[in-house]
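Here are some questions and answers for someone opening this structure for the first time. Please look through the sequence and the structure, then read on.

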Amino acid sequence: MRDVVVLGGGLLGWSAAAALRRKLPALRVTVIPLPPPPDALAERIGSTLPSIVAFHRDIGMSDGDALLRAHCSIRLGTEFEHWNEGLPSYVHTYDRYGQPLGTASFHIHWARQARLGSTPPFDHYSPAAAMARSGRFILPATDPASPFAHFEYGLALDLVAYPRMMRAYAQHLGAIERPGGFKGVRLDGETGFIAALVLDDGQEIEADLFVDCTGPRALLRGALDQDFEDWSRWLPCDRLLLADAAPVAEPSPLDRAIAHGAGWRWVAQSLGRTSHGFAYAASELSDDKAARTLRGHAGIDPQPPIALRQGRRPQPWLRNCVALGDAATMVEPLEWTNLHLAHSAIDRLVAMMPDRDCAAVELWDYNRQCAAETERVRDFLALHYAASHRDEGLWRRMRDTTPPASLAHTMRLFAERGRLPFYEDETFARDSWLAVLLGQGLIPRRIDPLIDAVPPAQSEQGMAAMREGIARLVPSLPTHADFLRNLQRQAAR
Amino acid sequence: MLARRVVIVGGGTAGWMTAAALTRLLPGRCAVHLVESEAIGIVGVGEATLPHIRAFNERLGIDEADFMAATRATFKLGIEFVDWGRIGDSYIHPFGTFGPGGAEVDFHQFWLRLKQQGIAVPDLDLFSMACTMGRMNRFALPSRDSRGLDSTFGYAYQFDATLYAPYLRRIAEEMGAKRTEGRIVTVHRDRETGDVTSVQLESGEKIEGDLFVDCSGFVSLLLDKTLGEPFEDWSKWLLNDRAAAMPCRTAGAVTPYTGVIAMPYGWRWRIPLQHRTGNGYVYSSQFLSDEDAAATLIAAVEGEPIAEPRVLRFKAGRRTRSWVRNCVGIGLASGFLEPLESTSIYLIQAAITALLELFPEKEISPVDRDEFNRLIDLEYDRIRDFLILHYHATERADTPYWDYVRTMQIPDTLAEKMELFRRRGRVVKYREGVFLDASWVAVYLGQRVIPQGHDLRADAPPAESLVAGMRNLAAEIQALAGAMEDHGAYLSRYCPMKDAA
């Protein structure tokens, strides 16, 4: 493998180029910087998961670079409101929820206490949730005994500054920019491989491997086949509206995802702006009405609606062309997995880089891993609908739809006795699954006998200590805005 | 909550492991009643174990030295495979990593890269603590500080399985397990539901229960004989259906590893315990008679035989479901895989762990039962492929037996794994599963499945610094192992057996 061409010049194309150059410096990497289309969600959604922090470290970029030079801010999680009418909102953070008591995991104790009477909601046992609700932030403590030692955080990206920084960084690592418009591909008649990419100036760019970062249209990968696995049965939103409003002085590190009769909307505050979005089903709400709804919350007109077709290509990598991001998988931004899936695919591409012949068995392994990962992401998103409780027709339908087999298995096991089955290539940690399952009111029917050894009073004692440990410390933490200002001050010194 | 009446049918290793775990870990949830017949006896050849057993013993509150003394146990750092790829070959499958472990790119990738560049590098064995300690016959417990190389190995035990069951029996009985001696003549079932309601002994005594655990060994009294659960036969890939077992006095070293020596029609184990060495010839009756197997074994063992060879019969495979109605099969009653990689006791443990986690109420939920069966299938299927690899990855052509296994059609799941390794040394990743990357790497390379390429990320560091780093690493491992005590000396200090055989 010598030459790799990346088609697409948004943050994704440049991130892929940077990782390839950094990890496999023997490769020549050329980027054709097509501007990303509006429906490429990995490029459009600024809220990201903690995996972005690992991705930066992996390619040799510090947290400070992203936070300072690209004006990113911190996000600790999401507060889900009205997904289950009659229950309070719940917070999903990337943190531990409680600590094990004895040999059984914490949530079993919580479920027993909840069944016996009252214990505060599950998210009251996540230190990061307490921090996020009060608008505060510190970096994870290095002392493992601190309650604030185990959480992870994502970033809220500035979608103008961030791609710029990534482009500069990839070029610094030796990626070559080749400006031009895309006209088509020339296929090898014998192998069906892409022989060259044809630009609008008539120039042909040959390469051993072509990386497609062109969004849902998948200009390259789509030239080989159009197979698509549709997920709209479980993920009903097929429209998306985005609107950016002015920033607030103290941006919250906690995003809000608010269920609506026709879908859900979100608010994500960051340093440079307050992002509003609305994902909905066109069958339930006209684009005009949806736009009026969002304007009512954001105070400004949203951008034109984006059509969303949720699902994935069964084979993101075929012959010598690999699709990344929305070209491979397209899901609504619920839980902010769009860029995460793209990063994960980049890591996998780097780790599994084959020879020029792109041997079928190596691609099989790559596609198998992608499939396992995206299916569980699909399941996690679909869970929010399957375990919802609202009266509108859309929501009733979602509750009645049989979930994908793997999600049905998870929900069945959990509902029975609070057990979570193990799956390979899981994006969300067990505590994330628990936060959503318990947050949406799915309480196990039985209490696992393994906690018999610990009497309920003893559980409550340990649980009270956890709550107090969190409550005592939170007020002393700096606000999110103070944290960012301190960081800038330190950098200026 | 009423306690469930659990009846365990059979008192070998599986039966008493189950009884001890249930009484110790689910007190108050179940009343355990074990039925065994001393006339039937136990198979008890599974003398070598995997590191997982330590967690099992720990959960039961067992003191290691006490347990080792009682079962006349030795330490086990891995398995030495002799004559597998070719006659004359030897490699150790270690419990632990090659290199320091935990790196983004597996150590063997750098090693492969240098070799493919034509640079001389030491054998991969020399970068493994467990292999090096094994070859030097040394032992020490691994360090708990995960930063050092002396934390990069694990260990298991080689013990007398006929002593493990009585050891666990004491624990189970102390915790309230009831034991009844007798041979079961009738199994009674509910006419409507088909569930098993009781087992009746020769004496006429009836033992009733809510949940029945079938630990009856190959007989499979409940799963097979009573419920007729079908058996999935894997003998087209795993031909061996007999073992001749015979202990002898120890003549060579008490090695901290199990010996597995390929033979013309199967393989032979050598398991050194404190008081004797266990031996056995696992073979295929299609190719070898019992008499010839016994004669070969007698000629091959190193010390004076202590008993006559005893022949065991089996078939590789598993029951379609291990938990059917209110009967859970644990151990040989649910399936059999030859002890090539010491998985017998591991499979018992996996089933017990799953049963503890999915322990039913009075009404057994199909959710629990299905999940149990899914977990057990996963364990069996992964071990199956790993075992088949040992036979298929060979150049041996000295007998029709080896010709068959070398050229047989293997499961697709294994063919894909082997092809991936051949291309660039990639091991299909599972985060869970009994055998992790290093195990697969050891067997592939040990049996001459040589990759054509390597992970391209291994090209990043300059060759000179890699070579120097490897030299230092091998030297450090050598020094650490060299400073350790002799295995035999460690045993006689740490856990000497209480009386001689």
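In what follows, an axis is a line fitted to C-alpha atoms, for helices over the stretch in contact, and angles run from 0 to 180 degrees between N-to-C directions. The model is a predicted one.

Q: At what angle do helix 5 and helix 14 of chain A pack, and how are they described relative to each other?
A: Helix 5 covers residues 106-116 of chain A and helix 14 covers residues 456-473 of chain A, and their axes lie 10 Å apart. The angle at which they pack is about 110°. Angles of 65 to 115 degrees count as roughly perpendicular, and therefore helix 5 of chain A is, relative to helix 14 of chain A, roughly perpendicular.

Q: Which residues of helix 14 of chain A are met by helix 5 of chain A, and what is the handedness of the crossing?
A: From helix 5 of chain A come A:His109, A:Arg112, A:Gln113 and A:Leu116, and in helix 14 of chain A they meet A:Pro456, A:Ser459, A:Glu460 and A:Met463. The residues of this contact between helix 5 and helix 14 of chain A divide into three nonpolar, three polar and two charged. As for the handedness, the crossing of helix 5 of chain A with helix 14 of chain A is left-handed.

Q: How many helices and strands does chain A have, and what is its radius of gyration?
A: Chain A has 15 helices and 21 strands. For its 493 residues the globule rule gives 23 Å, and the radius of gyration is close to that, so chain A is as compact as a globular protein of that length, with a radius of gyration of 23 Å.

Q: What share of the residues of chain B count as buried?
A: Chain B has 15 helices and 23 strands, and along its principal axes its C-alpha trace spans about 75 × 50 × 50 Å. A residue is buried if 20 or more other C-beta atoms lie within 10 Å of its own. Of the 501 residues of chain B, the share that counts as buried is 51%.

Q: Which helix of chain A gives the most residues to the side that touches chain B?
A: The contact takes 24 residues from chain A and 25 residues from chain B. On the side of chain A that touches chain B, at least two residues each are supplied by helix 9 (338-351), helix 10 (360-386) and helix 12. The residues of that side divide into 14 nonpolar, no polar and ten charged. With four residues, the helix of chain A that gives the most to this side is helix 10.

Q: Which residues of helix 10 of chain B meet helix 12 of chain A?
A: The crossing of helix 12 of chain A and helix 10 of chain B is left-handed. The residues of this contact divide into two nonpolar, no polar and four charged. On the side of helix 12 of chain A they are A:Arg412, A:Leu413 and A:Glu416, and those they meet in helix 10 of chain B are B:Val367, B:Asp368 and B:Glu371.

Technical notes: Residues are numbered from 1 along each chain as its sequence is written. Chains are lettered from A and ligands numbered from 1 in the order in which they are written. This is a predicted model: local features need pLDDT of at least 70, side-chain atom pairs count only at pLDDT 80 or more; totals for chains, interfaces and linings use all residues. A crossing is left-handed if the near helix is turned anticlockwise from the far one by less than a right angle, and right-handed if clockwise. Two residues are in contact if their C-beta atoms, placed from the backbone, lie within 7 Å. Ala, Val, Leu, Ile, Met, Phe, Trp, Tyr, Cys and Pro count as nonpolar, Asp, Glu, Lys and Arg as charged, and the others, Gly among them, as polar. The radius of gyration is taken over C-alpha atoms; the globule rule is 2.2 Å times the number of residues to the power 0.38. A residue is buried if 20 or more other C-beta atoms lie within 10 Å of its own, exposed if 12 or fewer, and partly exposed in between; C-beta atoms are placed from the backbone. Angles under 35 degrees count as roughly parallel, over 145 as roughly antiparallel, 65 to 115 as roughly perpendicular and the rest as oblique.
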